Amino acid sequence: MMPPPTPPPRRHFPFLLFVLLLLLILSPTATSTAIEYNYKEAPKFYNSPSCPSISTDDMCSTQAVHVAMTLDFPYLRGTMAAIFSILQHSSCPENIRFHFIISSSPSSSASLHSTITSSFPYLRSQTYSFDTSPVSGLISTSIRPALDNPLNYARNYLANILPPCLHKVVYLDSDLVLVDDIASLASTPLGETSVLAAPEYCNANFTAYFTPSFWSNPSLSLTFAGRNACYFNTGVMVIDLKRWREGDYTTKIVEWMELQKRMRIYELGSLPPFLLVFAGNIAAVDHRWNQHGLGGDNFRGLCRDLHPGPVSLLHWSGKGKPWVRLDTNRPCPLDALWAPYDLLQTPFALES
């Protein structure tokens, strides 16, 4: 009796190929990465006749408005919209100098900056590398993983990263748009001693930003003695870099972060060290310059309304970002105010 024929070997390749294709189709990075880098070219904006003349190559001019922003792939679309809004509403757009802080590899940094300059060929900008290794070991986990990105802490080191010739800078997050002239914000008077200026919100529950361990320790809670300490959002700040360097404020912030690693004294990312060092000692900025919280809370990102009063800057701080909500067809009403500044190149255009 002859033995039964040997079955042919099983071929797993078609099945594995199917699984691979399925993963590529369902992967959010696979479906968005290619689109994410296709941006429209923004129109060129020109100075009004009253603007001072500044050399194109002068990246240190005291007559220029200097803007510092971080630059990375997840927030690139937001950064592009922010730049577009700044230029569009400026009376002297050719006198704005952008300083981008990047923590990526050299090849990624070149790609990021190339994307920016492709959409803004006439942008006066410069990139700076941020070594995240010193700060990475000081980051404590917070209520939202995105807040733990080392690049969020670049604002602590601006005075070290940016060249000494820069004395004053406007620091901006990437999830905002301006609907007013940034020169008005940049010209905020800092008085005789203030290192930075930002809108303050004294109605916020300031104690909630620190743990019971902090408030129960007299040597720590006395930090705010004699200071009318109020919450302020670090996503919009006017900073005197010269005073920052003279006061070595980076070291002061780092010391609080080192203490946080030994005993948990706060909960929310990079904000509390700024509050510990500066709250109650900053120059006031009108609330119109930071209509923040439009991204909702840090847990669910629910829709929010504008605060009462005029608006010069809309800030989608919080979990919900307008480009994500628009892409998933679940926008909040105020996301429609961000959409006109979105430079993402879509496969088709709808004429109004």
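The torsion about the S-S bond of Cys51 and Cys92 is about -95°, so this disulfide is left-handed. In this predicted model, the bond between Cys51 and Cys92 has an S to S distance of 1.9 Å, and the structure holds 4 disulfides. Counting bonded cysteines along the chain, the disulfides follow the pattern 1-3, 2-4, 5-6, 7-8.

**Cys51 and Cys92**
- Cys51 is buried, with a relative accessible area of 12%, and Cys92 is buried as well, at 18%.

**Cys60 and Cys165**
- A disulfide with an S to S distance of 1.9 Å joins Cys60 to Cys165; because the torsion about its S-S bond is about -45°, this disulfide is left-handed.
- Cys60 lies in the loop between helix 2 and strand 1, and Cys165 in the loop between helix 6 (158-161) and strand 4 (168-172), so the pair ties together parts that are 105 residues apart in sequence.
- Cys60 is partly exposed, with a relative accessible area of 28%, and Cys165 is partly exposed at 30%.

**Cys202 and Cys230**
- The sulfur atoms of Cys202 and Cys230 are 1.9 Å apart and form a disulfide, which is right-handed because the torsion about the S-S bond is about 95°.
- Cys202 is partly exposed at 47%, whereas Cys230 is buried at 3% relative accessibility.

**Helix 4**
- In helix 4, the buried residues are Ser109, Leu112, His113, Thr115, Ile116 and Ser119; they cover an arc of only 150° around the axis, which puts them on the same side of the helix.
- These buried residues pack against helix 3 (76-88), strand 2 (96-102) and strand 3 (125-129), while the face turned away from the buried side carries the exposed residues Pro106 and Ser107.

Notes. Residues numbered from 1 in each chain as written. Predicted model: local features only at pLDDT ≥ 70, side-chain atom pairs only at ≥ 80, totals over all residues. Heavy atoms only, no water. Buried < 20%, exposed > 50% of the residue type's maximum accessible area, 1.4 Å probe, protein only. Helix = DSSP H or I, 4+ residues; strand = E, 2+ residues; numbered from the N terminus. Arc of directions from axis to C-beta. Contact = heavy atoms within 4.5 Å. Disulfide = S-S within 2.5 Å.
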